[in-house]
Amino acid sequence: MTLEIKNVDAYYGSVKVLEGVDFSAARGELLGVIGPNGSGKTTLLRTISRILKPKMGTILLEGKEVMEMKDKEFSRNFAAVPQDTSVNFDFSALDIVLMGRNPHLGRLELETEKDIEIARRCMELTNCWHLSERPITELSGGERQLVIIARALTQEPRVLLLDEPTSHLDINYQIEIMELLKRLTSYEGLIVIAVIHDLNLAAQYCDRLILLHEGEIISTGSQQEVLTAENIKNTFGADVIVKRHALTNLCYVSPVPSPVKRQPESTEASSKNNADTTIHLICGGGEGASLMHLLSEKGYKVTAGVVNVVDTDYEVAQLLSIPVVTEAPFSPITEEAFQAHLALIEKADVVVLCSIPFGFGNLKNMDAAEVALERMDKSVLVFDSDKIEERDFTGGEATKRFIELKNKGVLPVKNQEEVLKKLPVFV
Ligand code: ADP
């Protein structure tokens with residue numbers, strides 16, 4: 001079974017709201033429709049559910065023209081869960097769900113045991129059978145949503161359309177509803193098309209995404225294809241970072257808050273002095289990232305090195321426009337990068353050796369700290385709260401060198417707060 005939306009244009013009056021919308025969905029697929037407010041997501045669902053007639057294009061279910069189906073036939077194939085599911089009448093949840101049987105009943109025909117059994121099965125599937133006797137008006141938003149989805153399922157449709165089914169719901173209901181949609185596609189073989197506001201929720205559960213912007217599909221495909229920082233900037237106008245989650249390997253989108261983009265922010269008198277002070281972080285392995293944020297917020301100039309270009313420290317440095325000496329991914333520090341690192345350190349007022357793990361590949365960062373202290377006569381702060389032995393992957397070489405360095409007059413620090421406290425001495 002395939003649902004094909006072919007080159008659809010839709011209008012409200014003379015205003016075109018959907019243009020050339022073209023995609024298909026196969027049995028068992030959960031499709032997420034995303035896009036900024038006003039991009040046409042609801043209109044797309046309204047068009048598929050025949051509330052709005054397309055001016056151009058066709059919609060086919062298993063090759064059959066959807067617009068030409070009789071009403072009952074259409075309702076036996078398509079069910080919709082609208083955005084606003086509030087009900088003003090005091091019906092019981094079961095009465096509401098039984099309304100979903102209407103497309104299967106003849107005129108004036110009453111529900112039979114079989115219809116009640118179907119309603120019960122759908123309420124069990126959506127985990128709301130225990131609410132069957134409760135008046136719908138007394139249910140919470142999440143409970144009501146489950147009942148309304150059960151009503152849609154009671155139509156026994158092949159295509160389920162939902163408009164923001166999880167908005168205004170707490171995280172438990174968000175998960176419950178998304179997992180339900182996943183089950184409906186995987187086990188019941190439905191086609192589910194859901195408008196989803198939350199990009200991370202969409203990434204987590206949908207098989208495919210459709211990104212709409214000003215009535216047109218900007219991108220469609222897997223989460224990796226659609227959820228790119230560029231696509232999100234071009235459609236939502238928002239600056240985001242898109243990463244893969246280490247545990248789930250799924251994309252997640254984090255907004256870049258404006259204080260991160262503005263640098264520095266503070267108007268305190270001290271920040272004026274801070275702006276004249278350059279702090280160089282010898283970092284890597286994500287050990288410098290947090291300090292980069294903190295020092296930038298305090299108005300200091302920050303530089304960093306040597307980090308590999310796949311490192312979190314590298315990404316944060318890029319984000320904060322921090323000059324950084326880099327090395328190719330997973331490569332040892334070359335002489336060239338080492339020299340560039342020394343040149344950057346030369347310009348700094350204070351050098352901080354972060355709590356980095358040492359292998360043979362980055363021992364040159366230890367050399368850099370030594371040169372800073374001895375040849376360049378810099379003030380060098382060294383994090384020493386994490387035991388060096390536990391982050392030494394050189395068989396003792398790094399530990400020996402670290403202890404020597406500490407004995408040569410560096411300033412040991414335990415945490416970032418201590419760094420901040422000690423810095424004004426050098427300003
Ligand atoms: P979304 O669901 O992505 O927020 P909509 O589909 O609701 O977007 O709206 C798409 C465009 O159509 C918007 O510009 C909106 O103002 C307009 N629109 C929505 N509903 C109507 C309507 N009933 N009459 C006229 N214009 C509408």
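These legends accompany close-up views of a predicted model. Residues are numbered from 1 along each chain as its sequence is written, and side-chain values use heavy atoms, without hydrogens or water. In this predicted model, local features need pLDDT of at least 70 and side-chain atom pairs count only at pLDDT 80 or more, while totals for chains, interfaces and linings use all residues.

**View 1. Phe74 and Phe78 form a stacked aromatic pair.** The whole structure holds 2 aromatic pairs. Rings of Phe, Tyr and Trp (its six-membered ring) pair if their centres lie within 6.5 Å; planes under 30 degrees apart count as stacked, over 60 as edge-to-face and the rest as tilted. For Phe74 and Phe78, the centres are 4.8 Å apart, with 10° between the planes. Both residues are buried. Buried means under 20% relative accessible area, exposed over 50%, and partly exposed in between (1.4 Å probe, protein chains only).

**View 2. Phe89 and Phe91 form a tilted aromatic pair.** Their rings sit 5.9 Å centre to centre, with 50° between the planes. Phe89 counts as exposed because its relative accessibility is 57%. Phe91 has a relative accessible area of 34%, so Phe91 is partly exposed.

**View 3. Phe360 lies in the loop between strand E16 (350-353) and helix H15 (363-374).** Helices (H or I, at least four residues) and strands (E, at least two) are DSSP runs, numbered from the N terminus. Phe360 counts as exposed because its relative accessibility is 58%. Phe360 and Thr394 are 34 residues apart in sequence. In space, Phe360 and Thr394 are 5.8 Å apart, C-alpha to C-alpha.
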